[in-house]
Amino acid sequence: MHNHDYDANCLFCRIAKGEIPSRKVYEDEEVFAFHDINPAAPVHFLMVPKKHIASMAQVQAEDAPLLGRMMALAPRLALEQGCNPYPDGGFRIVVNTGAEGGQEVHHLHLHVMGGPRPWLKG
Ligand code: 5GP
Ligand code: ZN
């Protein structure tokens, strides 16, 4: 990972690097996943690229394989974290983007939410 991929002022860059503690779900060279600190569902974790991408609005064509890997990995992690199997179980993947999209942390992240209804939000 090159230096310009890391933003020292970014919360999720710091979490992905282990500088700020989190409850880790998964890690590889390019991806970090951790439990949301304020879960909206019985299972609620976040998946981030280790590379700093501010939001979906900044995604470039070169990021497509990385995002594809994250999407392909999400179902496996969802089951590992206790989401029930499809079709009676399942999960939601949400990517808030920009202020009107409800984004609060400006480092691209997938919310993966699941578990028995009702949930707190959404
Ligand atoms: P957004 O609104 O940007 O889509 O989602 C940001 C999410 O990050 C929220 O669900 C919030 O609970 C979570 N979050 C914010 N700060 C922290 C933190 O320091 N640690 C963890 N684990 N989650 C956080
Ligand atoms: Zn970042």
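In helix α2, the residues L66, L67, M70, L73, A74, L77 and A78 are buried (under 20% relative accessible area, with exposed over 50% and partly exposed in between, for a 1.4 Å probe and protein chains only). Helices (H or I, at least four residues) and strands (E, at least two) are DSSP runs numbered from the N terminus. The model is a predicted one, in which local features need pLDDT of at least 70, side-chain atom pairs count only at pLDDT 80 or more, and totals for chains, interfaces and linings use all residues. Residues are numbered from 1 along each chain as its sequence is written, chains are lettered from A and ligands numbered from 1 in the order in which they are written, and side-chain values use heavy atoms, leaving out hydrogens and water.

The cover over the buried residues of α2 includes β1, β2, β3, β4 and β5, contact meaning heavy atoms within 4.5 Å. α2 spans residues 64–80 and runs at about 155° to β3; axes are lines fitted to C-alpha atoms, for helices over the stretch in contact, and angles run from 0 to 180 degrees between N-to-C directions.

Turning to the sheet, five strands form an open, antiparallel arrangement in the order β1-β2-β3-β5-β4, where pairing requires at least two DSSP bridges between two strands. β1 (24–27) and β4 (91–94) are at the edges with a single partner strand each, so one side of each lacks a neighbour in the sheet. β1 and β2 form a hairpin with three residues between them, and K24 stands opposite F34 in β2. Five bridges link β3 (residues 43–49) with β5 (residues 110–114), and here H44 faces M113.
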